[in-house]
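Please read it alongside the structure shown below.

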Amino acid sequence: MNHYAGAARADGVNRPRIDLRSDTVTRPDAAMRRAMADAEVGDDVYGDDPNVNRLEAVLAERLGKEAALFVPSGTMSNLLALLSHCGRGEEVIVGRAYHIAADEAAGASVLGSMALTTLPVDDDGGLSPEAITAEVKPDDSHKPISRLVCLENTFQGRAVPLARMQAAAEAARAEGLATHLDGARFFNAITALGCTANDLAGITDSVSICLSKGLGTPVGSVLTGPRDLITRARRWRKMLGGGMRQAGVLAAAGLHALEHNVHRLAEDHANAVALAEALTGMEAGAVRQATNMVFFEPRGGVHDEMRNRLAASGILLGGGTQGAIRLVLHKDINGDDLDYLIEEFRSIFA
Ligand SMILES: *Cc1c(COP(=O)(O)O)cnc(C)c1O
């Protein structure tokens, strides 16, 4: 679906000035491209690529894990985690609306022959420890073998409080289950929670993070965890065709992002607050803000009209003709863009 209808940028590139569909739409900036162009490379399947090795070491260290694995996508990273934690006939307990259950094409069931059991996600984005405990199966040949609990943070923009994460992980651990965190937006979460990477990552056995969302790289995710788990994940990555050769060009983008694009996530959150306040102030509809996202339901159900008018001004929104539309702030939306965006909304709703 592409609602974009014109309004080329001043630099002549035919793309929207402001793309609010996701933070995955960011393009590598000049400094990141230079880091990529200058990257020393080797064959990572032989373990020879210095930038891949460095990226894995840096993230393992930052998250307080023994080892890490660079992979093409967050979906593959989560899949490798599930395949490495669980075997055939084993069970993963996960939030129903979490990405692993809702948006990864049941890959773990298809490729790993495991059962995904889903729990309702609470309003703050966490899972109830009691619900986890109640779902763990007895040792009974009628049942799958409960093995893993998956958490997510941020969830639909919400930074789930550490105490809630800890309570869920403790419930899992008390039953002898392993834990995995889908931290696609891990750095947005720790920015909003005001905690260290270690504080959040230490709650679960393994953590997956995306480099290609708010951090602004073109490609890549990293799975971190215990060494034996990552060794198994490396074999699964090979089986799935995810072994990459001179991947240092991509890892260099990741290293650049960790150095330059983590501290600036607070700007995206502040921009989301400013956008939410402006929309609320003009009584444009129902507004909810969380980290770098604003969920906006225009009053009068004018979704299509709003989308078309904004598209004509070079502003691209995601789809949907009812309920809330997700507006995502990111590195390629600066202060001037934000002012322009708010003025364009005002011209519709004033
Ligand atoms: C984007 C996302 C993923 C998957 O990442 P891809 O790189 O798009 O495969 C996983 N989990 C969550 C919560 C996400 O937002």
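The notes that follow concern a predicted model and are grouped by topic.

**Glu152**
- Glu152 belongs to strand 5, which spans residues 145–152.
- The residue is buried but forms no salt bridge. Arg185 is the nearest side chain of opposite charge, and it lies 6.5 Å away; this is not a salt bridge because the cut-off is 4 Å between a side-chain nitrogen of Lys or Arg and a carboxyl oxygen of Asp or Glu.
- At 2.7 Å, the Glu152 side chain reaches the backbone nitrogen of His99.
- With neighbours within four places in sequence set aside, the contacts of Glu152 are Tyr98, His99, Gly125, Val160, Leu181 and Asp182.

**Thr154**
- Thr154 sits in the loop that runs between strand 5 and helix 7 (162–174).
- Its relative accessible area is 5%, so Thr154 is buried.

**Helix 3 and helix 10**
- A pair of packed helices is described by the angle and the distance between the two axes.
- For helix 3 (residues 74–85) and helix 10 (residues 227–239), the axes come within 9 Å and the crossing angle is roughly 120 degrees.
- The crossing of helix 3 past helix 10 is right-handed.
- On the helix 3 side, Met76, Leu80, Leu83, Ser84 and His85 take part; they meet Leu229, Arg232, Ala233, Trp236 and Arg237 of helix 10.

Technical notes:
Residues numbered from 1 in each chain as written. Predicted model: local features only at pLDDT ≥ 70, side-chain atom pairs only at ≥ 80, totals over all residues. Heavy atoms only, no water. Helix = DSSP H or I, 4+ residues; strand = E, 2+ residues; numbered from the N terminus. Buried < 20%, exposed > 50% of the residue type's maximum accessible area, 1.4 Å probe, protein only. Lys, Arg positive; Asp, Glu negative; His and termini not counted. Polar contact = N/O pair within 3.5 Å; in protein donor to acceptor, adjacent residues only side chain to side chain. Contact = heavy atoms within 4.5 Å. Axes fitted to C-alpha atoms, helices over the stretch in contact; angles between N-to-C directions. Left-handed = near helix turned anticlockwise from the far one by under 90°.
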